[in-house]
Amino acid sequence: MRFIPYGLHWIDDQDIEKVVKVLKGDWIVMGEKVKEFEDAICGYVGARYGVAVNSGTAALDVAMNSLGLGEGEVITTPLTFVATAHAILYAGLRPVFADIQRDTFNIDPADVERKITDRTRAVACVDFAGHPCEIGEIRKIADEHGLFVIEDAAHALGAEYRGRKVGSLADVTVFSFHPVKHITTGEGGMCVTSKEKLAERMRILRNQGMESSAMERFGPGGRWVYDVKMLGRNYRMTDFQAALGLSQLRKLEFFIRRREEIARMYIDELSSVDGIELPAVRPYVRHVWHIFTILVERGINRDEFVALLRKKGIGAAVHYPPVYRFTYYRERFDFRPEDFPVTEEVTSRTVTIPLFPRMKEEDVRMVIEAVKETARELSG
Ligand SMILES: *Cc1c(COP(=O)(O)O)cnc(C)c1O
């Protein structure tokens, strides 16, 4: 049986050629291509400095650590991939969750404000599904309280908020290049910022806490001497990944357009279907549709809905189980689900249906028919 996954990369022969070319060269890690990729992403999103790393999770870790927050709390959303909250713990801080907005599933600025205490150091927001969070309001609240803003934009490369690209709005913005994301480098990620100090710290953190890169040390005229200033990691990106990223970036606008077209088809075909509710898009954003989530009606069993779709060959998924419900977070902290009523409602009713640029018209039709049929089978 044909099975359509919820997300899939799209790598073509041109991408492969670019990778092979780098592999045949002498410098395959943290060389010119990595720098070129960093500059290209920065140019695209409108940030000054880019620091490429080997995953989105590594980017979050480096970003959080670069802020030098010491002890305290970081406010974030529970409806995210667990990496967002993990990064707060890696940096030795405590995650504090704010509830989400009912229409976009993004962190609710009003609840962020309520959760601020004298221990709060930063806000880590997420652009859920590719719909930018209310970064304007969050920025304002953060400035009033002297907090940093980290934007986990793993879903949102290319998204815009009030005419400005995501990547130019927070103190540090983090992207992921995992295969299900908008462009891929296999594994990979990047931090972007317009603050020179943060960029410098992130570069050092990426590379064992060392001040100079291998290229500076081993290249002609290099010095072997180096100092270690911070407890860094090895999060370096390879040049063949960067070459893939550069090649993919050229196709980003095409990828986003395809995602927009597919989302449009879903909206046209599914908005009048009984038993499900479609995602909202605020008028002042460009939503880049990393995923397409529907909400099933209260009377419908969500798990059954997902199981039935999967039986029909549709790779339905759930984004996300809230972070506070995972065993590790339950054992370490005492979060109470009832403190997050909107998150609880959304997480119990949400279903992600397939959306990726390489989907064919017939795949989209197959998903639409399966969703209609399943809603019919489980309604009333
Ligand atoms: C994918 C993702 C990450 C982590 O990225 P990796 O590259 O898989 O490490 C972090 N946050 C969110 C919201 C994501 O979707």
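Student: What makes up the shell around the ligand, by class?
Tutor: This is a predicted model. The shell has five nonpolar, eight polar and two charged residues. Gly counts as polar here. Gly56 is among the residues that come nearest, with Thr57, Asp152, Ser176 and Lys181.

Student: Which element gives the largest share of the shell?
Tutor: H3 does, with three residues. Helix H3 (56–66) and helix H4 (83–90) are the elements that give two or more residues.

Student: What about His155 and Ser176?
Tutor: For His155, the side-chain N or O atom is 2.9 Å from a ligand oxygen. For Ser176, a polar side-chain atom lies 2.8 Å from a ligand oxygen.

Student: How much of the ligand's accessible area does the protein cover?
Tutor: On its own the ligand has 380 Å², and the protein covers 92% of that. The space it takes is the second largest pocket.

Student: Where is Ser168, and what does its side chain reach?
Tutor: Ser168 is in the loop between strand S7 (164–165) and strand S8 (172–176). Its side chain reaches the backbone oxygen of Lys165 at 2.7 Å. Beyond neighbours within four places in sequence, Ser168 is in contact with Val45 and Gly46.

Conventions
Residues are numbered from 1 along each chain as its sequence is written. This is a predicted model: local features need pLDDT of at least 70, side-chain atom pairs count only at pLDDT 80 or more; totals for chains, interfaces and linings use all residues. Side-chain values use heavy atoms; hydrogens and water are left out. A residue is near a molecule or strand if one of its heavy atoms lies within 4 Å of it. A polar contact is a pair of N or O atoms within 3.5 Å; within protein, one must be able to donate a hydrogen and the other to accept it, and residues adjacent in sequence count only if both atoms are side-chain atoms. Accessible areas come from the Shrake-Rupley method with a 1.4 Å probe; for residues, only the protein chains shown count as cover. On a 1 Å grid over the protein atoms alone, a cavity is a set of points where a 1.4 Å probe fits but cannot get out, and a pocket is an open set with protein on both sides within 12 Å along at least five of seven lines; lining residues have an atom within 4 Å of a point. A molecule sits in a cavity or pocket if more than half of its atoms lie within 2 Å of its grid points. Helices (H or I, at least four residues) and strands (E, at least two) are DSSP runs, numbered from the N terminus. Contact means heavy atoms within 4.5 Å.
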